[in-house]
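Please look over the chain shown here before reading on. The notes after it are grouped by topic.

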Amino acid sequence: SKSRQTLQLLKEHQVKPEIFEYLKTPPSHEELEQVLDMLGLEPRELMRTKEKEYKEQALDNTDLSRDQLIDAMLATPKLIERPIVIKDGKAAIGRPPEKVLELL
């Protein structure tokens with residue numbers, strides 16, 4: 001629902017986004033690294049920690065490296081927090097949806 005709300009908010013501000021459905025087509029390792037850098041986050045901060053896959057894969061293990069966490073998100077894209085809006089080399093997570101207005 002947050003993705004739909006964010007999309008509606010962008011449309012209300014006359015923004016026509018290009019939509020990447022990363023549940024269907026996950027980003028590359030490099031692309032996800034870039035998104036993390038734009039957001040200023042570490043991988044675990046971009047993960048949906050309440051998903052059963054997070055627990056099943058023991059991703060709360062503090063010994064896991066940055067690359068291992070990124071690989072887990074790429075293998076199970078459902079773990080990536082969404083929506084993410086990117087504009088002019090900056091990014092924001094649409095939670096709450098109004099957060100993306102900082103990019104406009």
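The model is predicted: local features need pLDDT of at least 70, side-chain atom pairs count only at pLDDT 80 or more, and totals for chains, interfaces and linings use all residues. Residues are numbered from 1 along each chain as its sequence is written, and side-chain values use heavy atoms, with hydrogens and water left out. Helices (H or I, at least four residues) and strands (E, at least two) are DSSP runs, numbered from the N terminus.

**Packing of α2 and α4**

- Helix α2 spans residues 29–39 and helix α4 residues 66–75; they pack at an angle of about 110 degrees, and their axes are 10 Å apart. Axes are lines fitted to C-alpha atoms, for helices over the stretch in contact, and angles run from 0 to 180 degrees between N-to-C directions.
- The two helices, α2 and α4, are therefore roughly perpendicular. Angles of 65 to 115 degrees count as roughly perpendicular, under 35 as roughly parallel, over 145 as roughly antiparallel and the rest as oblique.
- The crossing of α2 past α4 is right-handed. A crossing is right-handed if the near helix is turned clockwise from the far one by less than a right angle, and left-handed if anticlockwise.
- From α2, the residues His29, Leu32, Glu33, Leu36 and Asp37 meet Arg66, Asp67, Ile70, Asp71, Met73 and Leu74 of α4. Contact means heavy atoms within 4.5 Å.
- Sorted by class, this contact of α2 with α4 has five nonpolar, one polar and five charged residues. Ala, Val, Leu, Ile, Met, Phe, Trp, Tyr, Cys and Pro count as nonpolar, Asp, Glu, Lys and Arg as charged, and the others, Gly among them, as polar.

- Leu32, Val35, Leu36 and Leu39 of α2 are buried. They cover an arc of only 100 degrees around the axis, so they are on the same side of α2.
- Buried means under 20% relative accessible area, exposed over 50%, and partly exposed in between (1.4 Å probe, protein chains only). The arc is that of the directions from the helix axis to the C-beta atoms.
- Glu30 and Asp37 are exposed, on the face of α2 turned away from its buried side.
- The partners of the buried α2 residues are α4, β1 (84–87) and β2 (90–93).
- Glycine 40 follows α2 and has a positive phi, near 70 degrees.

**Buried and exposed faces of α1**

- Helix α1 (residues 2–12) has Thr6, Leu9 and Leu10 as its buried residues. These fall within an arc of 100 degrees seen down the axis of α1, so they line one face of the helix.
- Arg4 and Lys11 are exposed on the other side of α1.
- The buried residues of α1 pack against β1.

**Backbone exceptions**

- Most residues other than glycine have a negative phi, and most peptide bonds are trans.
- Glutamine 14, in the loop between α1 and α2, has a positive phi near 55 degrees. Glutamine 14 is exposed, with a relative accessible area of 68%.
- Aspartate 88 is in the loop between β1 and β2; its phi is positive, about 50 degrees, although it is not a glycine. Aspartate 88 counts as exposed at 66% relative accessibility.
- Arginine 82 and proline 83 are joined by a cis peptide bond, with omega about 0 degrees. Proline 83 is in the loop between α4 and β1.
- Another cis peptide bond, also with omega about 0 degrees, joins arginine 95 and proline 96. Proline 96 lies in the segment after β2.

- Proline 77 is in the loop between α4 and β1 and is buried, with a relative accessible area of 10%.
- Not counting residues up to four places away in sequence, proline 77 touches Tyr22, Leu23, Pro26 and Arg82.
- Between proline 77 and threonine 25 there are 8.6 Å in space, C-alpha to C-alpha, and they are 52 residues apart in sequence.
- Lysine 99 is in the segment after β2 and is partly exposed, with a relative accessible area of 37%.
- Lysine 99 touches Ala92 and Ile93, again not counting residues up to four places away in sequence.
- The C-alpha atoms of lysine 99 and leucine 39 are separated by 12 Å, and the two residues are 60 residues apart along the chain.
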